[in-house]
Amino acid sequence: MTLSASLNAAEQRRPSRFGRMLEDRLPYLIVAPAILILLLVGLFPLIYSLIVSFQRITMTENDTSFVGLLNYAELFRDTRLWASLGHTAIITAIALPLELLVGFLMAQLFIDRMPGRQIFVALLVLPTVISPIVAGATWRLMFDVRFGPIGQILSFIAGEPVRILWTVNPTYVYPAIIICEVWQWSPFMFLLLLAALSNVDQSQLEAAEIDGASYLRVLRAIVLPAIAPVIAVACLIRGLDLVRIFDIIWALTEGGPGSMTETISLYTYVQGFSQFETSYTAAISFLVIALLTLLTTLVLKRMELAR
Amino acid sequence: MKFRTFLGAAAVLALAAGSAPAADKDATDTAVEAAKKYAGTTISIVWEAGLQSLDPLNYSGPQWEKLTGIKVKVVEVPTDQMFTKIMQDFKSGAGAYDALNVIPSWMPDLARAGALEPLDKYVDKFGYRDELQDIAAAYRDNQMQYDGKIYGFPDDGDVMLLYYRKDIFEDPKMKDEFKAKFGYELAPPKDWKQFDEIGQFITDKMAPKVYGAGFFRTAPYPQYMFQERFRMEGGKFFNADTMKATVNGDVGLKVFKQMLAENKFMPPGVEQWNFVDNLAAFLQGTTAMTISWPPYGRWAAGYGSGEDALKWVPKSQVAGKVGYALTPLGRPELGVGFDLSVSATSKNKEAAYLFIQWLNSKKTSLERVQLPYTLRDPFRLSHYASEKYRALWPDAAAYLDNIKTSGEKGLLDLSLLQQDKYDEAMTKAISSLWAGEDPKAILDRMAQQFDAITEKVGIENQKAAYKVWAAKPGAYPQ
C-alpha cells in the first residue's frame, strides 16, 4: 500500500465532525441523567426552601406574601435561637474531644493481637449500630431515679440513697447527655483509629524502640502524624453529626429543663413542626447551612485537606 | 258513626305510622340510612395513634362498613403531628382526609384557615340538632363552635378527676390522728391548702410504702394544672384591653410556689413522671391521691384488664379502694378533648359527615365510651345515666357521677390563635420550675413570651379571639 493510499484510508476511518462531537460529549451525556436527578432531588428543595425563607408562610395563616429579609432579620433578635446554637457548641466542644480520646484509648488497647479480639471489637462497636433515639430512651431508663441502675450503683457506693434527677437537675443534665453521646459514638472513633493505627509503619516504631524513645515521644513524633488525616476526617464527620444532634436529646430531655439543652436541630424542629413557622424555619436552616459551610471550610483549610 | 269514627281513627293512625320512621328515627339510624347511597366508597379519618385508634380500627370502622358498605381508612397520627398533617393536607388541597379528630383548642386556627367544613347545614339536613343537646354543656357550649358555626362534635369527655384511696382516707386511726392535728375530717381536699396538708400527713405516716400524692409532672399535664389553679385562685391570663400577659403577678407566683412545694411530699423523682409513671404508682398503691383523666379510674378498677391492648397497664392493686372527687377548689380543667370534624378539602364531605354523626350519636357513642381498650370518655348526659355503664364495676356509678359533676364545672383550656405557642411557653416554664429556677424569673419570662406571641399574631386579632374565648361559660370561674 502506498503512503497516499494509507492516508486516504486513515481519512476515511476518522470520525465525522458530528461523531467527534458525540465522542467528546458522550461522558457528559452518560452522567447527565444522574446529575439531573441529583439536582432535582438535592438542589430543587434547597432553592425552594430559599424562596420560602423570603415569604411569610406559616401553617396557621394563608398569607404567602414575600417579606424580603424579614425572617433573616428576625434571626438576629431571636435569643432562643442563639442560646440553642450555644448549647450545640457546648455539647460539640465537650463530646467531640471525649469521643476522640476514648476511641483512641480503646484503639490502643486493641492494637495488639489478643485472644477473642474480634469478638470484643464487634461488641464494642454495637452502640453505634443502635438508633440514637433508642440509645437516648435506654439511657433515660438508666438514669431513672427509681429504677435506673446508675442511681442504684451510686447508692451502693455511697452507702445511702443517691437520688439524682439527671434529666431535670441543671447540674447533671449536660453530663447525662454527654455520657450517652460518648457511649454511643466513641466506638466509631475507635474503629477508624484502630484501622489507622494498624497501618502505622512498624519499621519506624521498631527503630524508635531500639533508639530508646519513650512512649509519649513515639506517640507525638510517629503515631499521631501518621494517623492525623484519619483523625481529621473522623473529627469532621463526628463534629458535623454533633452539630445536628437531635435524637438523643429528644429522648433524654426534649430540650429541657426549660430550653436549657435545646440544640439548633431541636429548635428548628420546634419552630417548624410545633410552632408551624414554615418560612422562619427555612431561614434558620439557611443560617445553619451557612455556619456549617463556613466551619467546614475553615477546618478543611486548617487541616490542608481542601486540596 | 262509630264506623266512620273508626275509619277516621284508622286513617290518623295510618298517617302517623307512615310518618313514624322519619320522626322517631334517631341520629344513628338516620346516618346509616342516608349513608347507604355512598356504599362502595372509602372515607379516611385522622385519628390519634395508639389506643385511641383501636376504636375505628376494631369497632366503629368495621361496624360502619357492615351497616353502610362504606369503608373507613384510619390514618393514625401522633397527637403532636395531627395539627400539622391536617394543615398540610388542607394547604396542598390534596383532600387526603375526609373526617378529622381535632383538639378543641386548635379549632380557632383551623376554622380561620378554612381547613374545617362548617357542619350546620348537615346537622339540619340529617336532624342531629336535638341529639347535640344531650352532649354535656361543658363540651357542647365550649368545644363545638367557632364564630357561631359548628365545626366539630365534642366526642371525648376529657376532664381532670381527683382519685384518692378510700381505704386510707377511711382508716379510723388515720382519721382520728388527722383530725387531732388539723381540726377537720380526713376527706378529699376542698382546696389546695387541704391537699397539701393531707398529702404531707399521709407521707409522714406511710412513706416510703405510700406517699400522700403523685402527679404526672412532664408535659402536657402540668400546664393544664397551672391553667386550672391559676384561674381558680383569681388569675387572668391577659389584660383584656391591652392583651398584655398578666400571668406573672402574685397569683401566678403563689401557684408556682405551691406546685413546687408539693413535690416534697410526693415520691422522689416525681418531677420526671409521665402519664404512665404516675398511673403505675397509683395502680400499684404507692400514692394515695392523684389527678388525671378519666381512664385512670377505669383502669384502677381493673376494667379491661384482660384486654391485650391494655397489657402495658400495670395490674391494679387498688381495685375497689379508689374514690372519685372534684379537684381542689372544685373547677377541674377539661384538658384537651377531641372533636369530630369534616375536612374542608374532602371529596366525600357528606359521607364523612354521616360517619361522624353516626360515631357521635347517642347510641353509637355509648358503645364506644364503654370500649375498655380505647380512651374515649363519657361526654353525654345519656352516658352518665346509662344503667349498663353504671353496672360495669362496683363503683362505676360513683365514677360516672363524678365525671358528670366535674364536666359540668369544668374549666375550658385556653384557646387562642396559635395556642400551641402559649402552651409551649407554659410547658417550658414549668419544666424550669422543676429544675429549681426562681419562680418569679420564670413567670416574667413566660409573660414576655406570651407578649411576643401575641404581638406576632397581631394584638387586635388576638384580642378578638380572647374576647370570644373569655365569654364562654367555662373560661373563667364566675
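Me: So a residue is buried if 20 or more other C-beta atoms, placed from the backbone, lie within 10 Å of its own, exposed if 12 or fewer, and partly exposed in between. Which residues of helix 12 of chain A are buried?

Reply: In helix 12 (residues 264–274), they are Ile264(A), Ser265(A), Leu266(A), Tyr267(A), Thr268(A), Val270(A) and Gln271(A). Helices here are DSSP runs (H or I, at least four residues), strands are E runs of at least two, and both are numbered from the N terminus.

Me: Where do the model and the numbering come from?

Reply: This is a predicted model, in which local features need pLDDT of at least 70, side-chain atom pairs count only at pLDDT 80 or more, and totals for chains, interfaces and linings use all residues. Residues are numbered from 1 along each chain as its sequence is written, while chains are lettered from A and ligands numbered from 1 in the order in which they are written.

Me: Back to helix 12 of chain A: what covers its buried residues?

Reply: The cover includes helix 4 (79–110), helix 11 (247–252) and helix 13 (278–302) of chain A. Just after helix 12, Phe276(A) takes a positive phi of about 60°.

Me: New topic! How many helices and strands does chain A have?

Reply: Chain A has 13 helices and 0 strands. Of its 307 residues, 28% count as buried.

Me: And how far does chain A span along its principal axes?

Reply: Its C-alpha trace spans about 105 × 75 × 30 Å.

Notes. Contact = placed C-beta atoms within 7 Å.
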